Amino acid sequence: MNIFHGNILFSKNSRELAVYEDSYLVADHGKVEGIYAVLPEQYQGAEITDYGSGVIIPAFSDLHVHASQYVERGLGMDMLLSDWLNQYTFPQESRFADMNYARPIYDAFIDDMIRHGTFHACIFATIHREASSYLIRRMEERGLYGFVGKVNMNTGAPDYLRETVEESLLETERFLDEFKDNKTAKPIITPRFAPTCSEDLMKGLGTLSKKYHAGLQTHLVESRWEAEEAMRRFPGYQCDTEIYERAGLMDNGPVVGAHFIFPSEADIRILNRHGGFAVHCPDATTNIIAGIMGVSALQSQDVRVSLGTDVGGGHSLGLYTQIARSVQLSKLKWFYEPEQNKPIAFPHAFYLATKAGGSGFGNVGSLEKGYVFNALVIDGMADENIPLTPAQTVERFCYIGTTDNIKARYLNGRLIG
C-alpha cells in the first residue's frame, strides 16, 4: 500500500482534465485504489509520501519511436524523407548487425526514455533479430510496457539492408516465438512501410500475424512520396492501408499506423474498421516529412489518434514536448485548411499522450481507480511569488519543462530512478 499527497491530474476525456488539488492518492499492489480529498479512516497513521505543490500525472505513452535511430536525433533535419533515409538512416541502421554497437545504443535509449517519463512505447528496431531481441529483453527486464518490432525489408532499400523473403519470415517467426509469453514488452510485426516490402513478404507476415496473434506497426501515408510509391509497387490496390488489410495483418492485435498525414477516405475507412491508431508525430512531420496531420479532422471521422516522438525523425524523446507541438501545429493546419480542421486545446493534446495512447497497452495512461500506477511528479514550474494551478503547471511543463522538472517516477507502483 502506498499513499501519496499532492495535486493530481489526468484526463477524463479529450475535452476535460480531472484535477484533484491537495488530495491523497492510494495505490495498492501497483494499481490506483482511489483519490481522496480527506484520507479515509482506514488509512490514518499510514506512511504518506508528500509531494506538496507537485502534480502527479500519468506516465506518457509514445506510440511511434525508432530505438535504432536514437543516435540520429537532431541530424539531417534539413532533408526530406527519402534523402534522409538513404543518406542517414539506412547506413546507420546497418550497423546494428554488430551487437557491440547495438547494446549501448539500446541501453541509452531506454534510460533516456525513462528520464523523459515515457513508460509505454511502440518501438521499431531494425531487420537484425539478435539486436531486436536484446531491445525487447531489456524492456521486459525493466518492467516497461511496449511493443517492439524486428523490422522487415526485402526491397526498396540498399542491398546491405535487404532480407530475402524467406530470411525475413524465418527471423520474424523466431522473434515472435521467443517473446510471445512476455508480460509487458510484447513483439509486434513491423514491415517498415509498403515501399520496402514485396507482396509475398506482406502475405507471409500476415500468416505469422494470425499464428502468433501479433499486431502490426508500420508507417501509413506519411508523405506524398510514400503514398505514391506504395501504389506504384502495389498496383491493383486502392490505398496504402489496404495493402496491410489484404495481407491479413490487421486482425490479430493492435494496429499502429505512424503519421497518417495524407489518408484517402479508403485509408480512414480501413483503419477504423480495425480500430487502429493513427500516430501524430509533430516534430518529425516538420523536420523531414513536410506535412501536418489533421488531428481534429481525423477524430471527427472517429479515427483513434495518439502521439509519438518518432526519434530520430523527431529530435527529442520528451513526449511532453509533442503535446505542446501538437497544439501549435493544429493552429497552422487550421490557418491553411480552415474548412476541414480546428485547433486542438491543451487538454485534448494531453489526452493523446496519456489516456488515448495508454489504451494501446492495457490499463495505463490514467489515474482512475483500477489503472496501473505508472506516474510522474511534476514540479518547479512556477515563477517566484506567482503560483500556478495544477493544470497550468503541467501545461507549462509541456512547453518549457525539462527532465529536471520530473521529480519522481513510479512504474508499477515502484519508485524508480
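# Close-up views of a predicted model

Lysine 333 is buried, with a relative accessible area of 14%. That residue opens our tour of this predicted model, and the legends below take one neighbourhood at a time.

View 1. Lysine 333 forms a salt bridge with glutamate 337, and their closest N and O atoms are 3.4 Å apart. Glutamate 337 counts as partly exposed, because its relative accessibility is 29%, whereas lysine 333 is buried. Helix 11 has 18 residues and reaches 26 Å from its first C-alpha to its last, close to the 26 Å expected at 1.5 Å a residue. Its buried residues include Leu319, Tyr320, Ile323, Ala324, Val327 and Leu329, along with Lys333.

View 2. With a relative accessibility of 43%, leucine 332 counts as partly exposed.

**View 3. A cis peptide bond between valine 311 and glycine 312.** Most residues other than glycine have a negative phi, and most peptide bonds are trans. Here valine 311 and glycine 312 are joined by a cis peptide bond, with omega about 5°. Look for glycine 312 in the loop between strand 14 (304–307) and helix 11.

**View 4. Strand 15 and its two partners.** Strand 15 takes in residues 375–378, and both of its faces are covered. Ala375 and Val377 are buried on one side, and Leu376 and Ile378 are buried on the other. In a regular strand the side chains alternate between the two faces of the sheet. Strand 4 (residues 48–58) runs antiparallel to strand 15, and four bridges join them. To find your place in that pairing, note that isoleucine 57 stands opposite leucine 376. Strand 15 is also joined by four bridges to strand 16 (residues 406–411), again in an antiparallel arrangement. There, tyrosine 410 in strand 16 is the bridge partner of alanine 375.

View 5. Asparagine 412 sits in the loop between strand 16 and strand 17. Its phi is near 55°, a positive value in a residue other than glycine. Is asparagine 412 buried, partly exposed or exposed? At 27% relative accessibility, asparagine 412 counts as partly exposed.

**View 6. The hairpin of strands 2 and 3.** Strand 2 (residues 17–28) and strand 3 (residues 31–36) run antiparallel and are joined by five bridges. Within this pairing, alanine 27 stands opposite valine 32 of strand 3. The two strands form a hairpin with two residues between them, and histidine 29 in the turn has a positive phi of about 50°. Histidine 29 is exposed, with a relative accessible area of 76%.

**View 7. Helix 2 and what covers it.** Helix 2 (residues 99–115) has 17 residues, and the distance from its first C-alpha to its last is 24 Å, close to the 24 Å expected at 1.5 Å a residue. Among its buried residues are Met99, Tyr101, Ala102, Ile105, Tyr106, Phe109 and Ile110. What covers the buried residues of helix 2? The cover includes strand 5 (60–66), helix 1 (81–94), strand 6 (118–124), helix 3 (129–142), strand 16 and strand 17 (414–416).

**View 8. Salt bridges around helix 4.** The whole structure holds 23 salt bridges. One of them pairs arginine 129 with glutamate 171, the closest N and O atoms being 3.1 Å apart. Arginine 129 is in helix 3 and glutamate 171 in helix 4 (residues 165–179), so this pair links distant parts of the chain, 42 residues apart. Arginine 129 counts as buried at 17% relative accessibility, and glutamate 171 is buried with a relative accessible area of 19%. Lysine 211 forms a salt bridge with glutamate 173, with 2.6 Å between the closest N and O atoms. Because lysine 211 lies in helix 5 (residues 199–212) and glutamate 173 in helix 4, the pair ties together parts that are 38 residues apart in sequence. Lysine 211 counts as exposed at 53% relative accessibility, while glutamate 173 counts as partly exposed at 23%.

**View 9. A network of charged residues.** To end the tour, find Asp107, Arg138 and Glu141, which are linked in a network of salt bridges.

Methods. Residues numbered from 1 in each chain as written. Predicted model: local features only at pLDDT ≥ 70, side-chain atom pairs only at ≥ 80, totals over all residues. Heavy atoms only, no water. Buried < 20%, exposed > 50% of the residue type's maximum accessible area, 1.4 Å probe, protein only. Pairing = 2+ DSSP bridges. Expected span 1.5 Å × (residues − 1). Contact = heavy atoms within 4.5 Å. Salt bridge = Lys/Arg side-chain N within 4 Å of Asp/Glu carboxyl O.
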